[in-house]
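Subject: Structure handover

Hello,

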Amino acid sequence: MAKESYEQRFLEKLNVPETLTFDDVLLRPTESNVEPEQAGTDTNVSKSVTLSVPVLSAAMDTVTSTEMAIEMARQGGLGVLHRNMSVEATGDAVERVKRADELIIRDVVTASPDQTVQEVDAMMSSEGVSGAPVVDDDDIVLGIISGTDIRPYLEVGDRDEVREAMTDEVITASDDVTAREALELMYEHKIERVPIVDENGTLTGLVTMQGILQRREYDAAARDSSGRLRVGVAVGPFEEDRAVVADEAGADVLFIDCAHAHNRSVIDSAKAIKSAVDADVVVGNIGTAEAARELIDFADGLKVGIGPGSICTTRVVSGAGMPQITAIASVADVAAEHDVPVIADGGIRYSGDAIKAIAAGADAVMLGSYFAGTDEAPGRIITMNGKKYKQYRGMGSVGAMQSGGGDRYLKDADEDEEYVPEGVEAATPYKGSLESELHQLVGGMQSGMGYVGAESIQDVKETAEFVRVSPAGQTEGHPHDVVITDEAPNYKPRE
Ligand code: XMP
């Protein structure tokens, strides 16, 4: 009798639930009156941060540093800065993103009245500006000098002082000026820059026509209440110092960057970080409802993904993981009851995967490999066998861990100890601009919304249904029985 119950105890373990991932399911088409281009893509990425595009770039050192974060926010998504850098460098990177499209430039290049025209001309070209406010030693604005003032035909000599050449009737504005007011001043006075001054006439900033036009170009950009670009920052599970520095520098969302956040000490530390900062705190990664229940009281968002990533070896190395569609749905069931957004992180290869992730309960998706080949990702283009690539590596790969990211995997190898990596170092095809990749990704997601008749991301979450796909059905879903002659911008065969 005892023997039999012993055997059953282990046999019972094989009564396992079925788990599914992207290729196992398809969205069931339904009657629809939604045209894809009308499908709305606004979403919440954390309790207080909304985006017009439900997409994040992964916190990886071959995906998101400042250039990627700036472009992601301009396009309406969110870049999450990686953390393979010093805490101080994280603060600087956050400030760079926040300053990128600011209406009022704070770091103003100024001229002094007794510099020569030649000196100022050289200074303006080395700083990459075409004009500068002229200020005295106390930063009181005396005039403004621009390329037009110092063109040779205006009879100003190279050695003349700036005070001779500058325009001294300066149109200024105060700190609370709006883009529209600044533009009106510029049109009225036929000028291209307006110095911002305080009540004593001291320079505090500058608004330029070029800056305003650039902001207009990005009308769907993710911006905070002061109009600055939004930025996310990855912080290690035990890195309160990085969290505080990023928060003070203006980060909008902090992402606790851990491969297994359902861990007692990670949860305690994440709670401490949450109470030390003003920014929203998204916690991850997790893949089960129990983990979600542990985090739901304090997290402003939950990030899902245990081993689905393209460069991940977590599942083969550790034997643990959760197929991503099941993981998302398990977490989303808990999160939905508490209105906490869910981010599906990893494993997304096509736009169809992204909208399936939303249908399974995610509010937004995070991608690494999809963006690693774009111009905005760090690293140079390499050519192999005549084809262009960019480097892409897992943050749990030996290379990334050697440069500082090992604690994501709750591993703290001594310098002379051999690493046990959970990721690989790879190359990904070069893809050109992020803007065009995002256009394909979001356009494909909207196409999916058209097939399921959903006019918003919330609608997809609530109403879209899945069907199960057999291996034959999967084969049928990709181009078959043909030789592809021209690459499509949104499809590459699986390798
Ligand atoms: P994709 O599939 O978009 O996945 O390239 C990006 C996500 O993968 C996670 N990540 C890793 N997971 N080992 C892992 O098991 C790693 O070395 C690794 N590096 C990144 C991460 O969640 C990222 O957003």
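Start with strand S5, residues 78-81. Leu78 and Val80 point one way from the strand. Gly79 and Leu81 point the other way. All of these residues are buried. In general, side chains in a regular strand alternate between the two faces of the sheet. Please keep in mind that this is a predicted model.

S5 pairs with strand S4, residues 55-57. The sense is parallel, over two bridges. Gly79 in S5 is the bridge partner of Ser57. To get from S4 to S5, the chain passes through helix H2, residues 66-74. This β-α-β crossover is right-handed.

S5 also pairs with strand S10, residues 232-235. Here too the sense is parallel, over two bridges. Val80 stands opposite Gly232 in S10.

How many of the seven residues of strand S12 are buried? Seven of the seven are, so S12 (residues 280-286) is largely enclosed by the rest of the structure.

Strand S11, residues 253-257, runs parallel to S12 and is joined to it by five bridges. Phe255 has Val282 in S12 as its bridge partner. The chain goes from S11 through helix H9 (residues 264-276) to S12, in a right-handed β-α-β crossover.

Strand S13, residues 301-304, is joined to S12 by four bridges, and the two run parallel. Val283 stands opposite Leu302 in S13. Between S12 and S13 the chain passes through helix H10, residues 289-295. This β-α-β crossover is right-handed.

**A helix pair**

Two packed helices are described by the angle between their axes and the distance between the axes. Helix H3 spans residues 87-100, and helix H8 spans residues 240-248. They pack at an angle of about 25 degrees, with their axes 8 Å apart. Angles under 35 degrees count as roughly parallel, so H3 is roughly parallel to H8. The crossing of H3 and H8 is right-handed.

**Domains**

Where do the domain bounds fall? Domain 1 takes 16-101 + 221-465, and domain 2 takes 117-209. The C-alpha centres of domain 1 and domain 2 lie 43 Å apart.

Best regards

Definitions and conventions
Residues numbered from 1 in each chain as written. Predicted model: local features only at pLDDT ≥ 70, side-chain atom pairs only at ≥ 80, totals over all residues. Heavy atoms only, no water. Buried < 20%, exposed > 50% of the residue type's maximum accessible area, 1.4 Å probe, protein only. Pairing = 2+ DSSP bridges. Right-handed = clockwise from strand over helix to strand, strands pointing away. Domains from an automatic or database assignment. Axes fitted to C-alpha atoms, helices over the stretch in contact; angles between N-to-C directions. Parallel < 35°, antiparallel > 145°, perpendicular 65-115°, else oblique. Left-handed = near helix turned anticlockwise from the far one by under 90°.
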